[in-house]
Amino acid sequence: MSTVSETTHDGAVAVGAPPAPTADDGLSPTELAAKYGLSVSGARPGLVEYTRQLWGRRHFINEFAKARTQAQYTQARLGQLWQVMTPLLNAAVYYLIFGLLIGTSKGIDNFIAFLVTGIFIFTFTQSSVLSGVRAVAGNLGLIRALHFPRASMPIAFTLMQLQQLIMSMFVLLAIVLMTGEVPTMNWLLLFPALFTQWIFNTGLALIVARLGSKMTDLAQLMPFILRTWMYMSGVMYSIDKLTNSAPHFVRILLDINPAAVYIDLMRFALIDSVTSSQLPPHVWASAVGWALLVGIGGYVYFWKAEEQYGRG
Amino acid sequence: MAVAEQQSVERTQRPSDTRVPTVIVDDVHIVYTVHGAGTGRGSATAALGRLLSRKSSPNVRRVHAVKGVSFTSYRGEAIGIIGSNGSGKSTILRAIAGLLPPERGKIYTDGQPSLLGVNAALMNDLTGERNVILGGLAMGMTQEEVRSRYQGIVDFSGINEKGDFISLPMRTYSSGMAARLRFSIAAAKNHDVLMIDEALATGDRAFQRRSEARIRELRKEAGTVFLVSHNNNSIRDTCDRVVWLEKGELLMDGPTDDVLKAYEDHTK
């Protein structure tokens with residue numbers, strides 16, 4: 001470090017400012033800072049530099065996500081088993097209500113697989129958003145103590161959700177196999193589907209993290225917004241069958257809904273009776289489009305307020 | 001110890017002809033917005049009424065923690081920051097570290113100042129071992145650096161002196177043990193501008209001596225050291241200049257002995 005400053009100082013000498021004790025006295029703080037090459041503390045770096053710093057912190061992000069996941073269950077006796085139990089119990093509750101009691105299963109082959117896929121995929125987005133809202137606001141202690149690109153926080157939280165989803169996927173695959181599906185080449189599509197959804201979720205988490213850092217009420221409001229979104233996304237019914245008689249624009253709105261897009265893709269990948277004719281048009285294009293739009297847009301939006309996080 | 005002191009004195013005197021500023025604090029104001037303040041008397045209907053009439057809630061209060069503080073620190077200086085509780089000492093350190101954006105004014109720094117402390121990054125439910133890794137990465141070390149310094153950190157903390165404690169969750173540690181581990185992790189990294197917030201008084205006497213020695217080492221490597229402390233003796237031992245803050249305002253800034261004397265007269 002000292003070498004850097006020496007160079008700066010030598011540079012100042014070269015342009016003709018003699019190192020006399022009185023030379024700096026007349027300078028304003030700003031001029032003095034400029035002369036010795038000091039930078040504004042806590043200033044927001046450029047987007048490229050920011051991305052570079054973020055990449056430099058990838059091991060921290062990964063370790064933070066892993067540690068948080070582990071710490072979650074250390075007090076419970078069953079420990080990490082809850083990572084599998086939670087989605088399983090969730091699926092059981094929804095099956096009891098929507099499958100057996102209300103009977104929305106009419107006309108859907110293999111309703112269990114259909115329902116469980118929908119729940120797990122929507123839960124991935126839902127929990128990413130919920131943890132994203134608190135990612136900055138809930139970690140002010142860390143943000144006020146250490147220096148790192150703040151985007152690390154929402155990204156680490158979405159990584160946690162991705163890890164949770166991967167555990168859920170094993171449960172999901174087991175359920176799908178038990179309900180009589182046979183693995184096909186289509187199953188490989190789950191990787192691009194999950195990847196695009198993860199990018200989308202990360203972008204969304206970055207957006208709500210910035211919003212949540214200023215509007216603390218958002219954390220209270222979010223569960224209602226998300227529940228509304230879930231009921232519109234065809235998690236426990238088939239949009240395809242529901243909208244047969246609906247006006248055209250309603251259909252388009254429901255089809256372009258990103259949550260519905262990712263759910264449809266996963267069902268198409270895993271369930272044999274869901275054929276490409278039931279998928280909305282341009283489904284892959286909208287999956288990639290949403291991921292790029294929200295992923296990049298969310299990242300830039302979060303970066304724009306980088307120096308503001310921590311004021312609380 | 002004597003050697004270290006001598007060196008620092010040499011360094012502060014030598015640059016008198018070429019004083020290189022490391023941190024410039026220029027008329028800085030820092031304001032916290034605190035939610036959930038007040039008595040909570042406001043009912044839901046009252047809150048709705050305020051929302052409609054666009055008045056700000058009494059539950060949100062703005063705390064003006066630092067009011068127009070200016071000073072400049074130079075290479076080789078060790079600066080003590082004193083003042084009573086709540087006078088804005090920790091706040092100004094966080095602002096210098098770039099962690100808390102100032103409301104008005106500017107702070108210029110040479111390189112990235114760092115606060116000595118990783119408490120917030122550590123997780124009590126994880127083992128000491130995982131916390132060493134997490135804390136190191138949180139401070140910006142690379143994976144290789146963490147791996148190579150791991151043993152040094154554990155040995156320095158002395159956690160394993162009484163058996164294999166490093167593989168137990170941190171919540172099982174005594175408060176002294178946890179503090180030692182935290183200090184050891186935080187002190188494992190070298191800094192350009194180092195800021196210490198009352199980190200000296202942790203652990204038993206043997207550990208205190210070890211940590212003081214480590215702080216002197218860090219001081220030698222760092223360009224400038226800031227120390228916040230209520231212990232005037234540790235300020236006298238370490239610092240050649242003292243900044244006295246009171247109620248967020250800069251009351252006095254000068255050589256250690258002068259400022260400490262005024263401060264002691266004031267608090268008597």
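**Note on the two-chain model**

1. Over residues 189-209 of chain A, the chain is 95% helix and 0% strand, with the end C-alpha atoms 30 Å apart. This is a predicted model, and the points below should be read with that in mind. Residues 154-177 of chain A are 100% helix and 0% strand, and the end C-alpha atoms of that span lie 34 Å apart.

2. An unreviewed UniProt entry lists "transmembrane region" for residues 87-105, 111-133, 154-177, 189-209, 221-239 and 283-302 of chain A. The annotation comes from that entry and may be inferred rather than shown by experiment.

3. Chain A as a whole has 14 helices and one strand. Of its 312 residues, 39% count as buried. When contacts in chain A between residues at least 6 apart in sequence are considered, 81% of them join residues at least 24 apart.

4. Chain B has nine helices and nine strands. It has 268 residues, and buried residues make up 43% of them. Among the contacts in chain B between residues at least 6 apart in sequence, 72% join residues at least 24 apart.

5. The contact between the chains takes 38 residues from chain A and 48 residues from chain B. On the side of chain A that touches chain B, the elements giving two or more residues are helix 1 (2-14), helix 2 (29-35), strand 1 (39-40), helix 4 (58-73) and helix 7 (140-145) of chain A. Helix 4 of chain A gives the most, with seven residues. By residue type, this side of chain A divides into 18 nonpolar, 16 polar and four charged.

6. Two bridges join it to strand 4 (residues 104-109) of chain B, and the two strands run antiparallel. Ser39(A) has Thr109(B), in strand 4 of chain B, as its bridge partner.

7. Helix 6 (residues 175-186) of chain B has a length that can be checked. Its twelve residues, at 1.5 Å a residue, should span 16 Å, and the end C-alpha atoms are 16 Å apart, so the two values agree.

8. Helix 6 of chain B is mostly covered, as nine of its twelve residues are buried. The buried residues are Met177(B), Ala178(B), Arg180(B), Leu181(B), Arg182(B), Phe183(B), Ser184(B), Ile185(B) and Ala186(B). The cover over these residues includes strand 5 (114-116), helix 4 (128-138), helix 5 (143-157) and helix 7 (205-221) of chain B.

9. Most residues other than glycine have a negative phi. Asp27(B), a residue other than glycine, has a positive phi near 45 degrees. Its place is in strand 1 (residues 21-34) of chain B. Asp27(B) counts as partly exposed because 13 other C-beta atoms lie within 10 Å, where a buried residue would need 20 or more and an exposed one 12 or fewer.

10. Lys247(B) is found in the loop between strand 8 (241-246) and strand 9 (249-255) of chain B. Lys247(B) has 14 C-beta neighbours inside 10 Å and therefore counts as partly exposed.

Methods
Residues numbered from 1 in each chain as written. Chains lettered and ligands numbered in written order. Predicted model: local features only at pLDDT ≥ 70, side-chain atom pairs only at ≥ 80, totals over all residues. Helix = DSSP H or I, 4+ residues; strand = E, 2+ residues; numbered from the N terminus. Contact = placed C-beta atoms within 7 Å. Nonpolar A, V, L, I, M, F, W, Y, C, P; charged D, E, K, R; others polar. Pairing = 2+ DSSP bridges. Expected span 1.5 Å × (residues − 1).
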